[in-house]
Amino acid sequence: MKNKINILFVSINDFSWIFFKKIIKNKLFNIKYILTKKNKNNKLFIKKILKKKIKIIYTQSIKKLKKIKNKLKNINLDLGIIISYGFIIPKSIIKIPKFGFINIHASLLPKWKGPAPIQWSILSNDKNTGITIIKINKNIDEGDIIYQKKILIKKKDNYITLFKKIQKIGYKILPIIIIKIFNKNIKYIKQKIIKNKYARKIIKKDGLIIWKKDKAEYIKKKIKAFYKWPKTFFYYLNKIFFIWSISIIKKLKKKNIPGKILKYNKNELIICTKNIPIKIKKIQLNNKKKIKISNLFYSQPKLFIINKILK
């Protein structure tokens with residue numbers, strides 16, 4: 001290969017950082033620009049990029065994205081790589097790089113298109129997730145498949161562990177895929193159409209436990225899915241409590257009111273859900289440290305009142 005492959009790297013968060021590092025270390029690749037947007041969640045990502053002294057183009061809207069078309073035309077791009085961006089790339093920009101754009105997506109497409117595939121895989125009790133690399137077209141996550149790898153979701157897995165597994169696979173395969181694309185040695189596979197499998201964006205209130213609605217099993221899945229953000233929480237005495245670990249009490253057959261505090265002592269905090277009670281093992285009050293229930297009881301033995309109903 002005589003010339004370097006000129007790349008436009010498009011991303012807004014830390015999921016992509018490991019991929020960026022892999023590309024920048026490879027002497028065959030040349031990242032011409034980073035396309036990103038400023039928000040409160042990607043300050044660290046931008047700070048890391050600035051240290052590498054690579055030019056950044058900020059695009060806070062689709063309108064601004066369209067305005068940079070001429071700028072991108074003048075930098076002789078071979079390939080665009082999108083990893084977590086949030087905007088649909090306009091068709092006029094998709095055409096600019098010689099080989100178009102590719103996208104790394106954290107699911108086995110066509111299942112779980114959209115911005116939160118890992119979380120929805122866990123919430124839906126999927127047995128598998130994975131990574132898919134596609135060629136971008138005008139629709140969200142519907143381009144032809146270039147590469148896929150399945151990952152088994154184990155009982156102990158949560159958002160962070162699956163995130164790291166997907167990163168690790170993508171990190172290894174991405175340079176190989178880029179070179180294959182450049183050498184025109186790629187087989188593209190059309191996606192099948194699957195309805196009702198869109199992984200919508202997660203919002204803060206998704207993490208809130210609604211005792212009247214949420215079953216014990218679903219709360220356990222929420223803890224795993226929202227392990228990084230927004231976490232799984234409930235309100236009590238005008239304070240927020242984050243739950244980090246629970247067990248489900250299947251033996252307690254007596255029906256209780258959802259949200260009712262059944263026990264609070266040095267060994268356990270038991271609260272009834274819509275169906276059966278849960279025993280909370282690890283908890284966090286506001287922004288303090290995560291602690292075991294035994295430690296919470298010793299410091300605040302009268303905090304949780306037996307028979308009180310949580311909303």
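Tutor: Helices (DSSP runs of H or I, at least four residues) and strands (DSSP runs of E, at least two residues) are numbered from the N terminus. The structure is a predicted model, in which local features need pLDDT of at least 70 and side-chain atom pairs count only at pLDDT 80 or more, while totals for chains, interfaces and linings use all residues. Residues are numbered from 1 along each chain as its sequence is written, and side-chain values use heavy atoms, with hydrogens and water left out.

Student: How many helices and strands are there in the chain?

Tutor: Along its principal axes, the C-alpha trace spans about 70 × 40 × 35 Å. The elements in the chain are 9 helices and 13 strands.

Student: What percentage of the residues of the chain count as buried?

Tutor: A residue is buried under 20% relative accessible area, exposed over 50%, and partly exposed in between, with a 1.4 Å probe and protein chains only. The chain has 311 residues. The buried share of them is 49%.

Student: Is Asn256 buried or exposed?

Tutor: Asn256 is placed in the loop between strand S9 (239-248) and strand S10 (261-264). Leaving aside neighbours within four places in sequence, Asn256 has contacts (heavy atoms within 4.5 Å) with Leu262 and Cys272. Because its relative accessibility is 13%, Asn256 counts as buried.

Student: Which residues gather with Lys250 in a patch of positive charge on the surface?

Tutor: Lys250 is in the loop between S9 and S10, and its relative accessible area of 63% makes it exposed. Patches are made of residues with over 30% relative accessible area and no salt bridge, with like charges joined within 9 Å and nonpolar side chains (Val, Leu, Ile, Met, Phe, Trp, Tyr) within 5 Å. Lys and Arg count as positive and Asp and Glu as negative, leaving out His and the chain ends, and a charge is placed at NZ of Lys, CZ of Arg, CG of Asp or CD of Glu. The residues that gather with Lys250 are Lys155, Lys220 and Lys281.

Student: What accessible area do Ile62, Ile88, Ile140 and Tyr198 have together?

Tutor: Ile88, one of these residues, lies in the loop between strand S4 (79-83) and helix H5 (91-94) and is partly exposed, with a relative accessible area of 42%. Accessible areas come from the Shrake-Rupley method with a 1.4 Å probe, and for residues only the protein chains shown count as cover. The four residues form a nonpolar patch on the surface. Their area together is about 340 Å².

Student: Which side chain of opposite charge is nearest to Asp141?

Tutor: Asp141 lies in the loop between strand S6 (128-135) and strand S7 (145-152). Asp141 is buried yet has no salt bridge, that is, a side-chain nitrogen of Lys or Arg within 4 Å of a carboxyl oxygen of Asp or Glu. Among its contacts beyond four places in sequence are Asn103, His105 and Gln191. At 7.8 Å, the nearest side chain of opposite charge is Lys113.

Student: How far apart in space are Ile153 and Ile122, C-alpha to C-alpha?

Tutor: Ile153 is in the loop between S7 and helix H7 (159-182), and it counts as buried because its relative accessibility is 17%. Apart from neighbours within four places in sequence, its contacts include Ser121 and Leu162. Ile153 and Ile122 are 31 residues apart in sequence. In space their separation is 8.1 Å.

Student: Which residue does a cis peptide bond join to Trp229?

Tutor: Most peptide bonds are trans. Here, however, omega is about 5 degrees. Ile203, in the loop between H7 and H8, has contacts with Trp229 and the residue asked for. The residue joined to Trp229 is Pro230.

Student: What is the phi of Asn76?

Tutor: Most residues other than glycine have a negative phi. Asn76, in the loop between helix H4 (69-73) and S4, is exposed because its relative accessible area is 56%. Its phi has a positive value, near 55 degrees.
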